[in-house]
Amino acid sequence: MDDILRSVEKNYLQERSEEFSPGDLVKVHERISEGAKERIQVFEGIVLKESGSGTRKMVTVRKISSGIGVEKTFPFHSPKIERIELVKKSDVRQARPYYLRRLRRSS
């Protein structure tokens, strides 16, 4: 059963050139459709976690907007994601740096 799922998923996996890990600062370029129009909106923040594998891989990004922390979870292989751009590489000691939620400014 797993082999069948992997063969079907292989068609939907997208190649992402940028390698990033939790703690890195990234820009996620997301396609937004408003009626008949379509535009690209950039969400810049720190990667909190990566979860899942294959087509179910998700990336959670956090940013501070007007003094309020905003987290957004993106499906990594979604056709709505134009690209994910690495802005700044950083070293963190945890795989999921949730302590960044408690910091006043996380970017």
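Strand 3 (58-65) and strand 4 (68-75) run antiparallel and are joined by eight bridges. Strands here are DSSP runs of type E with at least two residues, helices are H or I runs of at least four, and both are numbered from the N terminus. Two strands pair if DSSP finds at least two bridges between them. The model is predicted: local features need pLDDT of at least 70, side-chain atom pairs count only at pLDDT 80 or more, and totals for chains, interfaces and linings use all residues. Residues are numbered from 1 along each chain as its sequence is written, and side-chain values use heavy atoms, leaving out hydrogens and water.

**The hairpin.** Two residues sit between strand 3 and strand 4. Ser 65 stands opposite Ile 68. Ser 66 lies in the loop. Its phi is positive, about 55°, although Ser 66 is not a glycine. Is Ser 66 buried or exposed? Ser 66 counts as exposed, at 76% relative accessibility. Buried means under 20% relative accessible area, exposed over 50%, and partly exposed in between (1.4 Å probe, protein chains only).

**The core.** The largest nonpolar core has 11 residues, among them Phe 20, Val 47, Val 59, Phe 74 and Phe 76. Such a core is a set of buried Ala, Val, Leu, Ile, Met, Phe, Trp, Tyr and Cys residues joined through side-chain atoms within 4.5 Å. Strands 1, 2, 3 and 5 each give two or more residues to this core. Val 59 touches residues including Phe 20, Val 47, Phe 74 and Phe 76. Contact means heavy atoms within 4.5 Å.

**A buried histidine.** His 77 lies in the loop between strand 4 and strand 5. His 77 is buried, with a relative accessible area of 14%. Among its contacts are Tyr 12, Arg 16 and Gly 54. The backbone oxygen of Gly 54 lies 3.4 Å from a polar atom of the His 77 side chain.

**Salt bridges.** The count comes to nine. A salt bridge puts a side-chain nitrogen of Lys or Arg within 4 Å of a carboxyl oxygen of Asp or Glu.

| Pair | N to O distance |
|---|---|
| Asp 24 and Lys 89 | 3.2 Å |
| Arg 31 and Glu 38 | 3.8 Å |
| Arg 101 and Glu 71 | 2.7 Å |

Asp 24 and Lys 89 form a salt bridge. They are 65 residues apart and link distant parts of the chain. Asp 24 is buried, at 0% relative accessibility. Glu 38 is exposed, at 57%, whereas Arg 31 is partly exposed, at 27%. Arg 31, Glu 38 and Glu 82 are linked in a network of salt bridges.

How values were computed:
A polar contact is a pair of N or O atoms within 3.5 Å; within protein, one must be able to donate a hydrogen and the other to accept it, and residues adjacent in sequence count only if both atoms are side-chain atoms. Lists of a residue's contacts leave out its neighbours within four places in sequence.
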